[in-house]
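Below is a briefing on one protein chain, arranged by topic. It is meant to be read beside the sequence and the coordinates.

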Amino acid sequence: AEKLVLCLVILLVTLWFTREPGFVPGWGSLFNIEDKKFVSNATVVMFITVLMFIIPSNRRRLKGWVWNKATEAEPGSDSGERKDHRSGRLLDWKEVQRKLPWNVVLLLGGGFALAKGCEVSGLHLWLGRQLLPLENLPPWSMVALLCLVISIFTECSSNAGTATLFLPILASMAVLIKLNPLYILIPGTVSNSFAFMLPVATPPNAIIFSYSHLRVTDMVKAGFVLKVIGVVSVTVAINTWGRAMFHLDTFPTWANITDS
């Protein structure tokens, strides 16, 4: 069974890399209709999962593909648990129901749904209008405030969703106030990863919360300290060596859209 699972993992990674390799058309292009993509990485995962529900778990069943209820327990395995494994496949639904952390799935799914809802409802446009008065602040304080806002917002949404929501807004605002967009986008992107306080923030947070018997208050206390340190560090870095490295004191020509 272990060798079969290893083969499926290798197949999974191979399908991921060959779906859209970038330099040549991948196998995923066979399922594209009118520039609409019907195959994603999640499709590959579901395909491998279905195979695990079908493929028998050892060589004897692989030959006959028939379940023998009188099978003895394998060495090193729990006989009671083996008796409950009636399907004889690599994976069965009872095992999924018993071991899959459904609370983690709901937490992450809720975060992605929240990010999509903000995009569809127009909340990102409203937030952009609310951020325009920040041009009256000194640049360093504006960066610190934006980093704090993004790092707090990313606690309730996925990192990808937060970046999709805020970065276009910040780029447009920087162009309007004639400020180098990198001066805002770089710290904003880094602050997008400061999700330390809530389980829903990132998959690692959700996994730790599910298996380590932590309370939300425990994560908030430790995560708040890390968040403050991160925001201060990014603000100091972008206003010191970041200015010299990225030439942030000048407005780049590629950001000047008035001529076009």
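This is a predicted model: local features need pLDDT of at least 70, side-chain atom pairs count only at pLDDT 80 or more; totals for chains, interfaces and linings use all residues.

The chain has 13 helices and 0 strands. Of its 260 residues, 32% count as buried.

**Overall make-up**

- Read from the N terminus, the elements run α-α-α-α-α-α-α-α-α-α-α-α-α.
- A search of the whole structure returns 6 salt bridges.

**Helix H8**

- Helix H8 covers residues 139-153, which is 15 residues.
- The distance from the first C-alpha of H8 to the last is 21 Å, close to the 21 Å expected at 1.5 Å a residue.
- Buried residues in H8 are Ser141, Met142, Val143, Leu146, Cys147, Ile150 and Ser151.
- An α-helix has 3.6 residues a turn, so residues three or four places apart point the same way.

**Helix H9**

- Helix H9 runs over residues 159-176 and has 18 residues.
- The end C-alpha atoms of H9 are 26 Å apart, which agrees with the 26 Å that its 18 residues should span at 1.5 Å a residue.
- H9 has a kink of about 25° at phenylalanine 166, shortly before proline 168.
- Gly161, Thr162, Leu165, Phe166, Ile169, Leu170, Met173, Ala174 and Val175 are the buried residues of H9.

**Nonpolar core**

- The largest nonpolar core holds 23 residues.
- The members that touch the most other members are Leu131, Met142, Leu146, Leu170, Met173, Tyr183 and Ile184.
- Two or more residues of this core come from each of helix H7 (123-131), H8, H9, helix H10 (181-191) and helix H12 (216-238).
- H9 gives the most to this core, with 6 residues.
- In soluble globular proteins, nonpolar side chains tend to be buried together.

**Nonpolar surface patch**

- Val5, Val9, Val13, Trp16, Phe17 and Val45 make a nonpolar surface patch of about 500 Å².
- Helix H1 (residues 2-19) supplies the largest share of the patch, 5 residues.
- Valine 45 is found in helix H2 (residues 41-54).
- Valine 45 has a relative accessible area of 34% and is therefore partly exposed, since that class lies between the 20% and 50% cut-offs.

**Salt bridges**

- Glutamate 20 pairs with arginine 19 in a salt bridge, and their closest N and O atoms are 3.7 Å apart.
- Within this pair, glutamate 20 is partly exposed at a relative accessible area of 40%, whereas arginine 19 counts as buried at 12% relative accessibility.
- Arginine 98 and glutamate 95 meet through their side chains in a salt bridge of 3.0 Å, N to O.
- Both arginine 98 and glutamate 95 lie in helix H5 (residues 93-99), 3 residues apart, about one turn of the helix.
- Arginine 98 is exposed, with a relative accessible area of 52%.
- Arginine 215 forms a salt bridge with aspartate 218, with 3.4 Å between the closest N and O atoms.
- Aspartate 218 counts as partly exposed at 27% relative accessibility, while arginine 215 is exposed, at a relative accessible area of 53%.
- Salt bridges with shared partners join Glu95, Arg98 and Lys99 into one network.

- Arginine 215 is found in the loop between helix H11 (203-211) and H12.
- Arginine 215 and proline 199 are 16 residues apart along the chain, and their C-alpha atoms are separated by 9.6 Å.

**Positive phi angles**

- Most residues other than glycine have a negative phi.
- Lysine 178 has a positive phi near 60° and is not a glycine.
- Lysine 178 follows H9 and lies in the loop between H9 and H10.
- With 46% relative accessibility, lysine 178 counts as partly exposed.
- Histidine 247 also has a positive phi, of about 55°, although it is not a glycine.
- The segment after helix H13 (241-246) holds histidine 247.
- Histidine 247 counts as exposed, because its relative accessibility of 56% is over the 50% cut-off.

Terms used:
Residues are numbered from 1 along each chain as its sequence is written. Side-chain values use heavy atoms; hydrogens and water are left out. Patches are made of residues with over 30% relative accessible area and no salt bridge: like charges are joined within 9 Å, nonpolar side chains (Val, Leu, Ile, Met, Phe, Trp, Tyr) within 5 Å. Accessible areas come from the Shrake-Rupley method with a 1.4 Å probe; for residues, only the protein chains shown count as cover. A salt bridge is a side-chain nitrogen of Lys or Arg within 4 Å of a carboxyl oxygen of Asp or Glu. Helices (H or I, at least four residues) and strands (E, at least two) are DSSP runs, numbered from the N terminus. Buried means under 20% relative accessible area, exposed over 50%, partly exposed in between (1.4 Å probe, protein chains only). The expected span of a helix is 1.5 Å times one less than its number of residues. The bend at a residue is the angle between axes fitted to the seven residues ending there and the seven starting there. A nonpolar core is a set of buried Ala, Val, Leu, Ile, Met, Phe, Trp, Tyr and Cys residues joined through side-chain atoms within 4.5 Å.
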